[in-house]
Every structure is written in C-alpha cells, then in structure tokens.
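Subject: Structure handover

Hello,

Here is the structure I promised to pass on. Please open it first, then read the notes below.

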Amino acid sequence: MKVSAKLIVVTGAGSGMGREITLELIRRGAKVAAIDLRPEGLEETSNLVKALGGKIATYPIDVTDAAAVAGLPTRIAKDLGDVDGIINNAGIIQPFVKVNELTLEQAARVMNVNFTGPLQVTKAFLPGLLTRPVAHILNVASMGAYAPVPGQSVYGASKAAIKLFTEGLRSEMIGTKVGVTVVFPGAIHTNIAQNSGMALPANADAAESKFKMTEPGVAARLMVDAIERNQPRVCIGSDAKLMDRLSRLNPVFAANLIAKQMASLLK
C-alpha cells in the first residue's frame, strides 16, 4: 500500500521510533493520527510535522485504556477521515532484573502495554480497515521475540506474543485487502528506558557501546518501505538479522551468546 494520501494511525508517536515513523509518513504524503501517553511528546511531534507542511491530529491516551481506544475510530474519522493503516509501535521495557526479582505488577504492565494495547488498537480499527480499498497493519515486535535477553524475559515474552499474533492475523487477512507486517528491530538508538520509567544498570552505557545501534530514522524508513512493499516480516539492524539466522540454526548457541554479552548488566 502506497502511503501517499493515506491516513495512518501511529502509537507511541511522541518520541523515538514513533516520532520518526510519523515524520517519514508525512514526508511521503500521508496524514497521521498520532497517539501517545505523553501530551508534551505529541506536541513536539506535531510541531515537527507542521514544519514539514504535513497534516496531523494528536490523541494523548494510554493504549491500555480499552474505552479510550474503542472511541478512537470515531474521533479520528471526525478529525481526519477514514483510517487506512495502523502502526502499533508503542512499547516499554521491563526493569533490567531477573524474573525472580520482577514483581507481578511490573510484569503485568509490560504485557498490557506491549500486547494488550496493540490487540485493542487492532480490534478497534480492523472493522474499518476491512472496508477500505487497501489497508495495512504493522506491528513492532523485537529481536527479543526470538533471541532471549536475560533481564528482559517478560519483555521478550510480550514481543513473542506480538510476533505470533501478527503472523496469525496475517493468515486471517489472506483474501482481503489488508496487508500485515511484523517488524523485529534490534538495538535502536532511542530513549525507551526513560520513557518506560526504568533505570538502566550503572554500566549500561559501557555495555551498549559493544553493539552497533540503528538510528530511529533508518528504522522508520525501513518500516514504511515494508508497508509499501507489503512485506510480511522485517528484521532491522545487523544484530537482528544475525540473531534471526542464529536462533533458527542453533537456538541454544544464540541464547548463550546473548547471555554472555549481557551478563555484566545483571551483576
């Protein structure tokens, strides 16, 4: 689906990849309904869009709020028109601790934001998308969906849930005009920890320096390309591509490799 002149909903649009996805869509001639928990982030994104001469409407809501999400299609239709696509990008990480130290409340929050939120957004907009001449759904999973990261086990589980949900949804959409894509980003240079309200370990910067990180603008271009090419799955970053191959060929070796690289963060 070419995004020019289409209306796309983007969650997590107030910063990081969500903001860059929004700007990339605008550059390609789309309109955007931008959703984020933080009004101040949405305002910054909106100002950047307006500087580009684009059209945007902002909705400061929590994607885990079922009633607020259910009301979005009507609100957006009134403000901008019929929605042609959704990008479920909003997500958080968990505290960087082992499962034994993670509280059930922390685990539930991660699952609610990363899985229940996208499910609710998809359920809200899918009936309308099925009536469009062409439409698309893109869900952002993570390299952690197939390559386990110690200290992020529940985060990985939430993204694995998004992976299989998206793949199942794509199968259900065969024969319709709705394309479906799942994206597996590796390490992206964003402030996801800060936006998640999580403190990283003191040596996190040193650990991150070992990995080549993808800039969010690059990730955004690849995601919008995936929509326009109707790609079923995309790995973003050399790390995500490498671990995708390794986890298929030798999953135990792949898991042990990541565990060794991340061990210093759990001491």
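Predicted model: local features only at pLDDT ≥ 70, side-chain atom pairs only at ≥ 80, totals over all residues.

Which residues of S1 lie on one side, which on the other, and are they buried or exposed? Leu-7, Val-9 and Thr-11 sit on one side, while Ile-8 and Val-10 sit on the other, and all are buried.

S1 covers residues 7-11. Five of its five residues are buried, so the strand is largely enclosed by the rest of the structure.

S1 pairs with S2, residues 31-36. The two strands run parallel and are joined by five bridges. Look for Val-9: this residue stands opposite Ala-33 in S2. Between the two strands, the chain passes through helix H1, residues 16-27. That β-α-β crossover is right-handed.

S1 also pairs with S4, residues 85-88. Here the sense is parallel too, over three bridges. Val-10 faces Ile-87 of S4 across this pairing.

**Asn-89**

Where does Asn-89 lie? Asn-89 is in the loop between S4 and helix H5 (104-129). Its relative accessible area is 10%, under the 20% cut-off, so Asn-89 counts as buried. Leaving out residues up to four places away in sequence, Asn-89 touches Thr-11, Gly-12, Met-17, Gly-18, Ile-21 and Val-140.

**Helices H10 and H11**

Next, a helix pair. H10 spans residues 238-249 and H11 spans residues 251-262. Their axes are 5 Å apart, and the packing angle is about 135 degrees.

By class, the contact has eight nonpolar residues, one polar and one charged.

**Ser-264**

Last stop: Ser-264, in the segment after H11. Its relative accessibility is 24%, so Ser-264 counts as partly exposed. How far is Ser-264 from Ala-145 in sequence and in space? The two are 119 residues apart in sequence and 21 Å apart in space, C-alpha to C-alpha.

Best wishes

Terms used: Residues numbered from 1 in each chain as written. Heavy atoms only, no water. Axes fitted to C-alpha atoms, helices over the stretch in contact; angles between N-to-C directions. Helix = DSSP H or I, 4+ residues; strand = E, 2+ residues; numbered from the N terminus. Nonpolar A, V, L, I, M, F, W, Y, C, P; charged D, E, K, R; others polar. Buried < 20%, exposed > 50% of the residue type's maximum accessible area, 1.4 Å probe, protein only. Pairing = 2+ DSSP bridges. Right-handed = clockwise from strand over helix to strand, strands pointing away. Contact = heavy atoms within 4.5 Å.
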